[in-house]
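The sequence and the coordinates are shown first.

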Amino acid sequence: MVFKTPPGVYAPQDDTWLLSEALLREDITAGTAVLDVGTGSGALALAAAGRGAAQVTAVDVSPLAVGATWLRARLKGLPVRVLQGDLLTPVADRGFDLIVANPPYVPVAGRRIRRGRGVAWRAGGDGRAVVDRICRDAPPLLRPGGVLLLVHSGLCGPDRTVERLAAAGLRTAVADRRTIPFGPVLREQAPWLEAHGLIAPGETKEELVVIRAERQL
Ligand SMILES: C[S@@+](CC[C@H](N)C(=O)[O-])C[C@H]1O[C@@H](n2cnc3c(N)ncnc32)[C@H](O)[C@@H]1O
């Protein structure tokens, strides 16, 4: 059965697929405890469960995303536990072997919002409102040997992400980079990004960057 992403839920796209490729390179077994934080349509959680992980948890702040992921997992018969909540708060007492995150990361004018249109991508003036919280809160939830995979834009400072995760004691590196044309969101934001020196005049492409950070055994 084909399942379309409902309106209001982030449809899988280039960042989803790039992170999914990185996820599928990891050693996933039935015993791998996986967390997909900001699951959206559930694409990454389902990819992990489809690879054989029997303990997959998906979290999203959006009730629509939670409903869509729950339904999709049931329709596919995949074992995904779906929780509504704020980032890592619903799983703060758990440990994971693999955490994947495709958080909001687009730098925009104004404060970060918590609901409605844009909750999937608006991330404050530097694009790091959610990324920095993940850099702070995810490392303590990784089991020894556990891996965090996070995708974001080159516009929001991948070097800062690497520094923060390394400072948290994780062996951290850029795992993937891919340049893609601006989508509708960045095309709309381009004048503001240009005015703030975040892109060059006339720029039409952005780089997606996947960071891999591993807790030592
Ligand atoms: C860029 S979308 C990624 C969706 C999906 N993981 C994918 O790769 O296609 C970001 C997701 O994070 C969710 N989100 C934003 N802020 C959140 C928060 N504070 N806690 C949990 N989820 C959040 C949004 O609702 C959205 O589904």
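## Thr 172 in strand β6

Thr 172 sits in strand β6, which covers residues 170-181. The model is a predicted one. With a relative accessibility of 19%, Thr 172 falls under the 20% limit and therefore counts as buried.

Two polar approaches involve the side chain of this residue. The side chain of Thr 172 reaches the backbone oxygen of Leu 170 at 2.9 Å, and a polar atom of that side chain lies 3.5 Å from the backbone nitrogen of Ala 166. When neighbours within four places in sequence are set aside, the residues in contact with Thr 172 are Val 162, Leu 165, Ala 166, Ile 211, Arg 212 and Ala 213.

## Arg 178 in strand β6

Strand β6 also contains Arg 178. Its relative accessibility is 34%, so Arg 178 counts as partly exposed; the limits for that class are 20% and 50%. Thr 172, by contrast, is buried.

The side chain of Arg 178 forms a polar contact with the side chain of Glu 21, at 3.0 Å. Beyond its neighbours within four places in sequence, Arg 178 is in contact with Leu 18, Glu 21, Glu 206, Glu 207 and Leu 208. The C-alpha atoms of Arg 178 and Val 66 are separated by 28 Å, and the two residues are 112 residues apart along the chain.

## Helix α2 and its cover

Helix α2 spans residues 43-50 and is mostly covered, with six of its eight residues buried. Those buried residues are Ala 43, Leu 44, Ala 45, Leu 46, Ala 48 and Ala 49.

The elements that cover them include the helices α1 (14-25) and α3 (63-76). The strands β1 (33-37), β2 (55-60), β3 and β4 also contribute to this cover. Just after α2, Gly 52 adopts a positive phi of about 120°.

## Leu 87 between β3 and β4

Leu 87 belongs to the loop that joins β3 (80-84) and β4 (96-101). Its phi is near 45°, a positive value in a residue other than glycine. Most residues other than glycine have a negative phi. Leu 87 counts as buried because its relative accessibility is 14%.

## The chain as a whole

The secondary structure of the protein chain consists of six helices and seven strands. Along the sequence these elements follow the pattern α-β-α-β-α-β-β-α-β-α-β-α-β. Of the contacts between residues at least 6 apart in sequence, 71% join residues at least 24 apart.

For 217 residues, a compact globule would have a radius of gyration near 17 Å; the protein chain has 16 Å, which agrees with that expectation. Along the principal axes, the C-alpha atoms fill a box of roughly 50 × 40 × 25 Å.

## Surface and charge

Of the 217 residues, 49% count as buried. The accessible surface of the protein chain comes to about 10100 Å², and carbon and sulfur atoms account for 54% of that area. The protein chain carries 27 positive and 22 negative side chains. The centres of these two sets lie 5 Å apart.

Terms used
Residues numbered from 1 in each chain as written. Predicted model: local features only at pLDDT ≥ 70, side-chain atom pairs only at ≥ 80, totals over all residues. Heavy atoms only, no water. Helix = DSSP H or I, 4+ residues; strand = E, 2+ residues; numbered from the N terminus. Rg over C-alpha atoms; globule rule 2.2 N^0.38 Å. Buried < 20%, exposed > 50% of the residue type's maximum accessible area, 1.4 Å probe, protein only. Contact = heavy atoms within 4.5 Å. Areas by Shrake-Rupley, 256 points an atom, 1.4 Å probe, with all protein chains shown as cover. Lys, Arg positive; Asp, Glu negative; His and termini not counted. Charge placed at Lys NZ, Arg CZ, Asp CG, Glu CD. Polar contact = N/O pair within 3.5 Å; in protein donor to acceptor, adjacent residues only side chain to side chain.
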